[in-house]
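Hello,

Here is the structure you asked about, with notes on a few parts of it below. Please read them alongside the sequence.

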Amino acid sequence: KGGPAVPLFRGRTDENGTLGATFQVPETTQVTQTLVIDTRSRLGRDQVKQAVTVQRSYKLLLTTDKPVYQPGQVIHMRALALSTLDMKAAAGAEIGFLVEDPKGNKVFRKTVASSGFGVAAADFTLANEVINGDYKITVSLGDTSSEKTVNVKPYVLPKFAVRVSTERSFYQPGQHVVGTVQCDYFFGKPVADSQVEIVGSVFDVQKTQVVQIQGRTDAQGTYRFAFDLPKYFAGRGLEKDQAEFSLQVSVIDQAQHTKQTSKVLPIAQSPIVIEVVAEAGTLKPGVENTLYILTSYPDGTPAPCRLTLDLGGLSLQLSTGDYGLAEHSFVPKAGALRLSVTATDSKGQLAGKVVELGKKHGIATPVNQTVLSIVHVLEQYRHQGN
């Protein structure tokens, strides 16, 4: 706008008449500027003018101390402002805070100067009688804004904790389940002589309730339960030999306070899960292939086992280590190859699996591709001595 010109760069062109210019954009409050390029040579002088816009673009991060508030509580708001281009803190910037109730009424507005780290904060105290629902918080700097929604409603904090444990981490169909429900108030006293309800469900076409137990806690806030699992479970997704049994536990104390929790029990057809994968995901005939055997328990922990393999009529003895991993290298021929694996752990638990190697739907399934990735990670750890 006709103001003073600020020299930014001087230099000379090369033999091709080209010059690369680099300069620092000066600090200015005027958004609209004019960039002037002046050239002088023995042939004369020329000048080019171009309108440019000089302004910062910001990123704003808005946070609150919690997502849900009760009437009368204080909403603590904080904003972080950074320059988009160089991610420098917007120090001394005027940052505006705005709070709107569920009906769109503006109930709080404040402008705060950011610190040297680009941080600004504001507090808003809710009235004791307010509209319940979602409150929208908006923070703005120039033409940049960020929004966050918090919920305001009366709520009651849980008075006690409920923990559910079973004697085993996984089960087989038809097995006997023995478990414990432990209830304690947060100040330490047990939730004694209180009503307990346990509902067990299976997942088939839909969720089906198969177990319902009711009782009361003892003087130590403990309730012990036992039941038999169904003898049939539907497999889940790609893991046809595994399923889940859901336990929903509800406890009502003598003051009629209710607390609910849940626990999922892994169910497996066999006590040991055996996965077999080839080094490349499928067998490559005529070259040396490495075959990986991975043994684990249904809860996901590794299962160190002794293995007996029948590979196309050849009998082998292997063992999986602490990671539940064993390997065998061989040169396969073209065509399908039958592999029979029997695994036995230190407790005498036995499992077996038969795999047709080389078939389209043999070891190159999506499940085993995932297992192959896990195998490669275990190999790295084992080679590093971890």
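F23 is partly exposed, at a relative accessible area of 38% (buried means under 20% relative accessible area, exposed over 50%, partly exposed in between, with a 1.4 Å probe and protein chains only). F23 sits in the segment before β1 (32-41); strands are DSSP runs of E of at least two residues, numbered from the N terminus. Together with V6, L8, F9, L19 and V25, F23 makes a nonpolar surface patch of about 510 Å². Such a patch takes residues with over 30% relative accessible area and no salt bridge, with nonpolar side chains joined within 5 Å; a salt bridge is a side-chain nitrogen of Lys or Arg within 4 Å of a carboxyl oxygen of Asp or Glu. Areas come from the Shrake-Rupley method with a 1.4 Å probe, and for residues only the protein chains shown count as cover.

This is a predicted model: local features need pLDDT of at least 70, side-chain atom pairs count only at pLDDT 80 or more, and totals for chains, interfaces and linings use all residues. Residues are numbered from 1 along each chain as its sequence is written, and side-chain values use heavy atoms, with hydrogens and water left out.

On to the strands. Eight of the eight residues of β19 (residues 289-296) are buried, so this strand is largely enclosed by the rest of the structure. N289, L291, I293 and T295 point one way from β19, while T290, Y292, L294 and S296 point the other way. In a regular strand the side chains alternate between the two faces of the sheet.

β19 pairs antiparallel with β18 (residues 273-278) over six bridges, where pairing needs at least two DSSP bridges between the strands. In that pairing, E275 stands opposite L294. Six bridges also join β19 to β22 (residues 325-330), again antiparallel, with Y292 opposite E327.

T344 lies in β23 (residues 337-345) and counts as buried at 18% relative accessibility. Beyond its neighbours within four places in sequence, T344 is in contact (heavy atoms within 4.5 Å) with C305, R306, Q349 and L350. C305 is itself buried, at 3%, and C183 is buried at 0%. The structure holds zero disulfides, a disulfide being a pair of cysteine sulfur atoms within 2.5 Å.

Most residues other than glycine have a negative phi. D193 lies between β12 (176-185) and β13 (195-203) and is partly exposed at 39%. Q256 lies between β16 (242-252) and β17 (258-268) and is exposed at 61%.

Regards

Key:
Patches are made of residues with over 30% relative accessible area and no salt bridge: like charges are joined within 9 Å, nonpolar side chains (Val, Leu, Ile, Met, Phe, Trp, Tyr) within 5 Å. Helices (H or I, at least four residues) and strands (E, at least two) are DSSP runs, numbered from the N terminus.
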